[in-house]
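Reader: Hey, could you walk me through this one? I'm new to reading structures.
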Amino acid sequence: MSIKMKSDWESVVKYYAFNATKYPMEMFFADIRTFSEQYSTAWKELDAEVEAANAEAKRKEAAIETQKRKQEQRVLLQEKQTTHKMPRTPSAMIRISTAADKVRVLDELERATGNGEFLQTLISATSSRTPRSDRIQHL
């Protein structure tokens with residue numbers, strides 16, 4: 001077995017072309033082990049960098065998708081609000097107060113109609129009615 005190992009060593013020395021007396025077997029295998037460990041470490045670091053870059057790309061993509069979704073929701077909400085708004089015409093913009101005071105209500109009606117004829121018609125219609133108590137007295 002010793003002869004086989006020596007012949008294999010001589011083949012390695014010949015393949016790598018170094019002087020076996022100046023570069024002993026222990027030093028050669030220590031260098032091979034150091035190279036193997038450093039190569040494995042570098043490979044793992046590169047894999048970690050690639051995974052980190054992929055994770056960052058996914059995070060950015062998710063953030064963009066979330067922002068698009070929020071923008072779409074804003075647009076839908078804005079469309080919904082514009083469809084439910086009252087039309088901007090003068091008649092739709094007039095609001096009549098519902099105060100118990102008739103003078104205020106009539107003032108609002110007069111302002112809304114823009115002329116006094118409508119108001120006079122309303123007043124004459126309400127004043128032409130006779131109270132019920134008067135009818136009973138005449139009978």
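Author: Let's go through the helices, the aromatic rings and the surface.

Author: This is a predicted model, where local features need pLDDT of at least 70, side-chain atom pairs count only at pLDDT 80 or more, and totals for chains, interfaces and linings use all residues. Residues are numbered from 1 along each chain as its sequence is written, and side-chain values use heavy atoms, with hydrogens and water left out.

Reader: OK, where is Val 12?

Author: Val 12 sits in helix H1, residues 2-16. Helices here are DSSP runs (H or I, at least four residues), numbered from the N terminus.

Reader: What is Val 12 in contact with, leaving aside neighbours within four places in sequence?

Author: Phe 18 and Phe 28. Contact means heavy atoms within 4.5 Å.

Reader: Switching to rings, how many aromatic pairs does the structure hold?

Author: There are 11 aromatic pairs. Rings of Phe, Tyr and Trp (its six-membered ring) pair if their centres lie within 6.5 Å; planes under 30 degrees apart count as stacked, over 60 as edge-to-face and the rest as tilted. One of the pairs is Trp 9 with Phe 28, edge-to-face at 5.7 Å centre to centre and 65° between the planes. That pair links distant parts of the chain, with Trp 9 in helix H1 and Phe 28 in helix H2 (residues 25-84), 19 residues apart.

Reader: And why is the pair of Phe 18 and Phe 28 stacked?

Author: Because the planes of Phe 18 and Phe 28 are at 25°, with the ring centres 5.3 Å apart. Phe 18 is in the loop between H1 and H2. With a relative accessible area of 17%, Phe 18 is buried, and Phe 28 is buried too, at 7%.

Reader: Which rings end up in a cluster?

Author: Ring pairs link Trp 9, Tyr 15, Tyr 16, Phe 18, Tyr 23, Phe 28 and Phe 29 into one.

Reader: New topic: what does the UniProt annotation say about residues 43-74?

Author: The unreviewed UniProt entry annotates residues 43-74 as "coiled-coil region". UniProt positions are given in the numbering used here, feature names are shortened, and annotations may be inferred rather than shown by experiment. In the model, that span is 100% helix and 0% strand, and its end C-alpha atoms lie 47 Å apart.

Key:
Helices (H or I, at least four residues) and strands (E, at least two) are DSSP runs, numbered from the N terminus. Buried means under 20% relative accessible area, exposed over 50%, partly exposed in between (1.4 Å probe, protein chains only).
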